[in-house]
Amino acid sequence: MATRKTSPDDLLGPVTLAVGQEDLLLDRAVQEVVAAARAADADTDVRDLAPDQLQPGALAELTSPSLFAERKVLIVRNAQDLSADTVKDVKAYLGDPIEDISLVLLHAGGAKGKGLLDAARKAGAREVACPKTTKPAERLTFVRQEFRALGRSATPEACQALVDAIGSDLRELASAVTQLTSDVDGTIDEAVVGRYYTGRAEASSFNVADRAVEGRAAEALEALRWSLSTGVAPVLITSALAQGVRAIGKLSSARGGRPADLARELGMPPWKIDRVRQQMRGWTPDGVSLALRAVAEADAGVKGGGDDPEYALEKAVVAVARAARTRRDV
């Protein structure tokens, strides 16, 4: 088996191993390899495969020589879920990879499928860490790195304000950084972040969620329609709704304490603890469950499971607002 370690900078190495559960980072690892391959050969053949699409023997067929000798990128998602026979095929390939083929293995890490993980590392695969960000400090570091990668300067206070305003979703944080750097010249400070989001509050996915979890259905629907009309992605709105309902569920089941202590326990900034405490009046455990189911259905609808994403969102907003009034209606 090959043991030469592939350089982290060699995007066209024979095998790239992306390890972790952070979807944004996993997608970026894939995009980097695909972009490098297409820069080398515009006709690169890209195959994006789920575990059930890579049956035993399929890898040999996918890596067989082509009449046109084009470059290939083979992406295997959730590699930890591959069948035992397919894992044998992949391990055999790792020992003798084919030139002009880049194999990208996305693995969640952990004990499941560890044999394949170890084999890829032993074979010298280029490895990209894609860990789930679970701590506020990690999200703050991510924001700083995003600004730095775009060649822009942002003060520590601005980075913190952005994390506090957006929350834990890395995709939303990355999108916010990109938007700020494209709209604002010079150093980005806390005042810039405050003005930017204050000026767009009515178009914010979090404004929709705040109104909904407070039981203010009419205002939530108005904010939703305004958000959609100004280009806010529906998936960001379902994400904000889910975060809002989950925050209420977490805080309602947490032991009492100071905002700072609860913030550390629940991974929220202290100011959000105070806000959620105000929003959770009227909520019951059953209401939280009903709201989460409604948001999950809307999320499926906006991601292609339904014909009318706007209707799916309106239905979810009304359901969440009704759930927020459960205790008051009893």
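Me: Hi! What kind of contact do the side chains of Asp45 and Arg47 make?
Reply: Hello! In this predicted model, the side chains of Asp45 and Arg47 meet in a salt bridge, with 3.2 Å from N to O.

Me: Is Asp45 buried or exposed? And what about Arg47?
Reply: Asp45 has a relative accessible area of 18%, so Asp45 is buried, because buried means under 20%. Arg47 has a relative accessible area of 36% and is partly exposed.

Me: Why can side chains pair up like that?
Reply: Side chains of opposite charge can pair when their charged atoms come close.

Me: How many salt bridges are there in the whole structure?
Reply: A search of the whole structure turns up 14 salt bridges. One of them joins the side chains of Arg77 and Asp48, at 2.8 Å from N to O. That pair links distant parts of the chain: Arg77 is in the loop between β3 and α3, Asp48 is in strand β2, and they are 29 residues apart.

Me: How accessible are Arg77 and Asp48?
Reply: Arg77 is partly exposed at 25% relative accessibility, and Asp48 is partly exposed at 39%.

Me: Which residue does Asp100 form a salt bridge with?
Reply: Asp100 pairs with Arg71, and their closest N and O atoms are 3.3 Å apart. Asp100 sits in the loop between α3 and β4, while Arg71 sits in the loop between α2 and β3, so this pair ties together parts that are 29 residues apart in sequence. Asp100 counts as partly exposed at 35% relative accessibility, whereas Arg71 counts as buried at 14%.

Me: New topic: helix α7. What span should its 14 residues have?
Reply: Helix α7 covers residues 170-183 and should span 20 Å at 1.5 Å a residue. The end C-alpha atoms of α7 are 20 Å apart, which agrees.

Me: Which residues of α7 are buried?
Reply: The buried residues in α7 are Leu170, Glu172, Leu173, Ala174, Ala176, Val177, Leu180 and Thr181.

Me: Last topic, the nonpolar cores. Which residues have the most contacts inside the largest one?
Reply: Those are Val143, Leu162, Leu180 and Trp283, in a core of 72 residues. Leu180 is also one of the buried residues in α7.

Me: And what does the second core include?
Reply: The second core is separate and has 25 residues, among them Val15, Ala58, Ile101 and Leu103. In soluble globular proteins, nonpolar side chains tend to be buried together.

How values were computed
Residues numbered from 1 in each chain as written. Predicted model: local features only at pLDDT ≥ 70, side-chain atom pairs only at ≥ 80, totals over all residues. Heavy atoms only, no water. Helix = DSSP H or I, 4+ residues; strand = E, 2+ residues; numbered from the N terminus. Expected span 1.5 Å × (residues − 1). Buried < 20%, exposed > 50% of the residue type's maximum accessible area, 1.4 Å probe, protein only. Salt bridge = Lys/Arg side-chain N within 4 Å of Asp/Glu carboxyl O. Core = buried A, V, L, I, M, F, W, Y, C linked by side-chain atoms within 4.5 Å.
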